[in-house]
Amino acid sequence: MNATACSPLATQPPAPFGADILSLSASWVSNFTLDIPAEFNYNHGDVAVDNVQFCNITVTYTHPGYADNITVETWLPRQWNGRLQATGGGGWQAGGRFVLSNFFMAGAISEGYAATTTDAGLGDAVSPSAWALKSPGNVDILALQNLGSRALSDQAVIGKSLARSFYGRAPEYSYWSGCSQGGRQGLMLAQRYPEAYDGIAASAPAQSWTKLASGLYYPLLMKQWHNVYPLACELNFLSEQAIAECDLDDGVQDGIISDVAACDYSPYSSVNKTFACASLNRTMSLSYGAALIADAAWSGPRTKDGERLWYGVNPGADISSFGSVPGQNSTSTDQWFNLFVAKDESFDSTGMTQEVYFEFFHLAVQEYSGMMDAADPDLTAFRKRGGKLITYHGMADESIPTKGTEFYYDSVRQKIPDIHDFYRFFEAPGLAHCAGGTGGQPTTTFDALRLWVENGTAPETLPVEYPAVNGTKHARILCPYPAQARYIGGDPAVADSFRCRV
């Protein structure tokens, strides 16, 4: 291609259904260099981008009659591998095109992919307080719909169209890569827009968004309802106790809980045990209140009658945010109940009674599940198209309960018994939210997805590595759920010492 290929005049404007293009810019970016750690490159590993040249085409469009304004940014490398990789968002931030997007997109173009992302019409907002309410009592439903799913379909159409215009041919294969919000988006695409992508990596997905967002309040409110205010060091101690109690359930002592189902540790068994609290610089006894809050975090929200509303995080996850640190003021901003349920930014969620909380929980599900929840188990159309879906989820994820992803996978399996033909879900012991924690991050997820889509080679395991206490590396395998990696003997630091067993 020549230099004039990267210009607005040389670009065929995309035509997503129901949308009008407002603007299109195109410019070359040369000598692009960036070091990308795996922690900022979910589904992938460390990448060093060195002197890459690409054309940045940015399209702004609207859905006539709705007065929205959505931006899709697409990077088209000079050296193209014939494939498109779309990247997702995170948390409450834009559908994509947020602080981590440069890392995601740079990693993609360094491997020859055309890369695309969208702001879902939310611009540079880092909090929904900037866009959630059009006025008190009136939620911006269009913005939520764009974030939920509509802009994702447009992104696929625009990204493919720009690649076709720039390179003179359509992508041979197209992929989605995301984690957390990006994982939810990936599942939403498989459910609602099965034609959008050939392969989807949807990791740590917040698929039941309404229940997840509502469930996060439960341990915090339990402190108010029971008038207990544990310290963060107490909750850290309980996480350590859980790991010590359940570490060996898988046959290997490695500081990680791998078999959560076999872990029957109760936080109440540690009440009055003494431990060293670093923030107090002294030894103290564990309080009953700390055990109560840990139990609430692990069990998930329940009604007064014990009915489960949603899942909690696994024992061993970092739950210290539900405790306090002496000398530090803890502040939290309500971004769900006040903006979207009460529809009043001044609503104080910290003062909710149990009755109000349960009412808000159900209202949130009733009002927003159709827009935000990617929980439909019917992936029949995606499977018929030949689509492939891979998910990983950290078993020490402090933000999104692993059991929620288990529940979704089991729901799909009830609908499509031969689920392994197109969907594989890998649980990662010790891994926190998308990255971090004490377990290994599966950095070959995307490569395994591409191999599955293009060669038909289904991933039987995913390799991971993590540092042991002495600083050496331990190699392990992750297994497709419901199988787990079982120790069969030999050196526990070597992956060959494990096999996948149900």
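## Helix α3

The expected span of a helix is 1.5 Å times one less than its number of residues. In this predicted model, helix α3 covers residues 181-192, and its twelve residues reach 16 Å from the first C-alpha to the last, which is close to the 16 Å expected at 1.5 Å a residue.

Eleven of the twelve residues of α3 are buried, so the helix is largely enclosed by the rest of the structure.

Strand β13, made up of residues 423-428, is largely enclosed by the rest of the structure, because six of its six residues are buried. In a regular strand the side chains alternate between the two faces of the sheet. In β13, Tyr423, Phe425 and Glu427 point one way while Arg424, Phe426 and Ala428 point the other way, and all of them are buried.

The pairing partner described here is strand β12 (residues 388-394), which runs alongside β13 in the parallel sense over six bridges, and within this pairing Gly394 stands opposite Ala428 of β13. Together with helix α11 (residues 402-415), strands β12 and β13 make a right-handed β-α-β unit.

## Pro301 in the loop between α7 and α8

Pro301 lies in the loop between α7 (288-299) and α8 (337-341). Its relative accessibility is 1%, and because buried means under 20%, Pro301 counts as buried.

Leaving aside neighbours within four places in sequence, Pro301 is in contact with Gly215, Tyr218, Glu307, Arg308, Leu309, Trp310, Tyr311, Tyr357 and Phe361.

## Ser320 in the loop between α7 and α8

Ser320 is likewise found in the loop between α7 and α8. With a relative accessible area of 18%, Ser320 is buried, because the cut-off for that class is under 20%.

The side chain of Ser320 is joined to that of Asp318 by a polar contact of 2.7 Å. When residues up to four places away in sequence are not counted, Ser320 touches Ala232, Leu235 and Asn236.

Note on methods: Residues are numbered from 1 along each chain as its sequence is written. This is a predicted model: local features need pLDDT of at least 70, side-chain atom pairs count only at pLDDT 80 or more; totals for chains, interfaces and linings use all residues. Side-chain values use heavy atoms; hydrogens and water are left out. Helices (H or I, at least four residues) and strands (E, at least two) are DSSP runs, numbered from the N terminus. Buried means under 20% relative accessible area, exposed over 50%, partly exposed in between (1.4 Å probe, protein chains only). Contact means heavy atoms within 4.5 Å. Two strands pair if DSSP finds at least two bridges between them. A crossover is right-handed if, with the strands pointing away from the viewer, the path from the first strand over the helix to the second runs clockwise. A polar contact is a pair of N or O atoms within 3.5 Å; within protein, one must be able to donate a hydrogen and the other to accept it, and residues adjacent in sequence count only if both atoms are side-chain atoms.
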